[in-house]
Amino acid sequence: MARGIVLKSVGIRYRVLTSTGETIDCVLRGKLRVKGIETTNPVAVGDTVVFELLDDGKSGLITEVCERRNYILRKSSNLSRQSQIIAANLDQALLVVTIILPKTHVEFIDRFLATAEAYSIPTVIVFNKTDLYGPEDTENMEELIRMYTDIGYKCLRLSLTDGSGIPDIISIMKGKISLISGNSGVGKSTLLNILNPELKLRTEEISSYHKQGKHITTFPEMHPLPFGGFAIDTPGLRGFGVVDMERNEIYHFFPEIFRVASNCRFYNCLHLDEPDCAVRQAVEDGGINWLRYRSYLSILNDENNKYR
Ligand SMILES: Nc1nc2c(ncn2[C@@H]2O[C@H](COP(=O)(O)OP(=O)(O)OP(=O)(O)O)[C@@H](O)[C@H]2O)c(=O)[nH]1
Ligand SMILES: [Mg+2]
Ligand SMILES: [Zn+2]
């Protein structure tokens with residue numbers, strides 16, 4: 001019996017890293033004990049597992065999945081009710097965003113942040129490609145950084161081309177399991193290749209035609225980092241899971257709205273047009289940024305409130 005952490009799943013096999021630094025390819029034992037939820041995949045990247053080494057000494061049989069601290073999900077398909085675990089035991093998410101090439105929209109950032117709040121995963125917002133920014137782009141970035149810092153999110157400025165900000169990223173990622181997320185083309189794989197040059201992940205020029213990246217990375221994989229810790233490169237926009245939120249709890253995942261909402265007249269206020277709504281008052285007074293309020297409304301108005 002040994003313990004390890006799942007780096008990757010390949011078909012029915014799982015690549016497991018042991019505490020001594022070996023990687024063992026494992027299959028699942030027929031009767032596997034997994035606590036908690038029903039999903040299409042019983043084992044995910046980031047899981048700690050117990051396994052038996054088989055006679056060949058090189059492969060193993062996973063007998064138990066240890067209890068997860070947290071996990072993120074996505075629906076198996078558009079129609080399916082079943083969900084799939086993307087990753088487990090995350091310490092934090094780094095949301096990589098860019099002001100241009102491609103432009104990351106505030107609403108996308110806010111949906112991600114709200115989802116991460118719902119999963120209780122702290123998020124750091126990383127503004128990449130600063131080398132490409134003109135004065136106006138830089139101003140836009142600084143405005144967003146002010147907005148998110150005021151709410152309580154940590155923000156970093158990064159350029160993978162000129163190297164500025166890389167030491168900050170390393171100190172934030174050291175010893176932790178980090179999910180690297182963000183739209184296609186923002187530089188997630190480029191970042192991981194710089195952090196661990198042995199990886200040689202595929203990166204691609206974003207097409208200049210529609211200024212959007214293509215999704216190059218497809219399966220989540222956890223990469224050990226040379227300075228300690230792991231990074232999970234998720235497949236672009238689709239990489240982050242769905243959460244089913246009740247309409248009246250969405251504002252719980254906007255920390256600055258939640259803080260103010262206790263002053264609304266009605267305990268079940270949705271902060272739309274109810275009388276004496278402290279949230280709307282704060283938006284008017286500028287205490288809550290209207291961009292954030294707009295993102296809140298957009299999630300609230302989503303059909304079924306299920307989004308990805
Ligand atoms: N100028 C500049 N280009 C960058 C920077 N970071 C990444 N790039 C370029 O942006 C393009 C896309 O980078 P990728 O690392 O493939 O993007 P990704 O986020 O992994 O994209 P998907 O795998 O499609 O989700 C590549 O051509 C990179 O060289 C940067 O800081 N500055
Ligand atoms: Mg990539
Ligand atoms: Zn209200």
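Modeller: Ready. A strand here is a DSSP run of E with at least two residues, and a helix is a run of H or I with at least four, both numbered from the N terminus. Also keep in mind that this is a predicted model.

Biologist: Okay, where does Asn89 sit, then?

Modeller: In the loop between strand S7 (83-88) and S8.

Biologist: What makes Asn89 buried or exposed?

Modeller: A residue is buried if 20 or more other C-beta atoms lie within 10 Å of its own. Asn89 has 20 such atoms within 10 Å, so it counts as buried. Its phi is positive too, about 60°, although Asn89 is not a glycine. Most residues other than glycine have a negative phi.

Biologist: And what makes Ser120 buried or exposed?

Modeller: The cut-off for exposed is 12 or fewer neighbours. Ser120 has 9 C-beta neighbours inside 10 Å, so Ser120 counts as exposed. Ser120 lies in the loop between H1 and S9, and its phi is positive as well, near 60°.

Biologist: How would you class Asp137?

Modeller: Anything between the two cut-offs is partly exposed. Asp137 has 18 C-beta neighbours inside 10 Å, so it is partly exposed. Asp137 is found in helix H2. Leaving aside neighbours within four places in sequence, Asp137 is in contact with Ile99 and Ile100. The C-alpha atoms of Asp137 and Ile100 are separated by 7.5 Å, and these two residues are 37 apart along the chain.

Biologist: How do you know what span to expect for H2?

Modeller: You take 1.5 Å times one less than the number of residues. H2 (residues 135-151) has 17 residues, so the expected span is 24 Å. From its first C-alpha to its last, H2 reaches 25 Å, close to that value.

Biologist: Which residues of H2 are buried?

Modeller: Met141, Leu144 and Tyr148. They are on the same side of H2, because they cover an arc of only 65° around the axis. An α-helix has 3.6 residues a turn, so residues three or four places apart point the same way. The buried residues of H2 pack against strand S9 (123-127) and strand S10 (154-157). The face turned away from them carries exposed residues, including Glu136, Glu139 and Arg146.

Biologist: What makes S8 and S11 a pair?

Modeller: At least two bridges are needed, and S8 (residues 92-97) and S11 (residues 177-181) have four, so they pair, in the parallel sense. Leu94 stands opposite Ile180 in S11.

How values were computed. Residues are numbered from 1 along each chain as its sequence is written. Chains are lettered from A and ligands numbered from 1 in the order in which they are written. This is a predicted model: local features need pLDDT of at least 70, side-chain atom pairs count only at pLDDT 80 or more; totals for chains, interfaces and linings use all residues. The arc is that of the directions from the helix axis to the C-beta atoms. Two residues are in contact if their C-beta atoms, placed from the backbone, lie within 7 Å.
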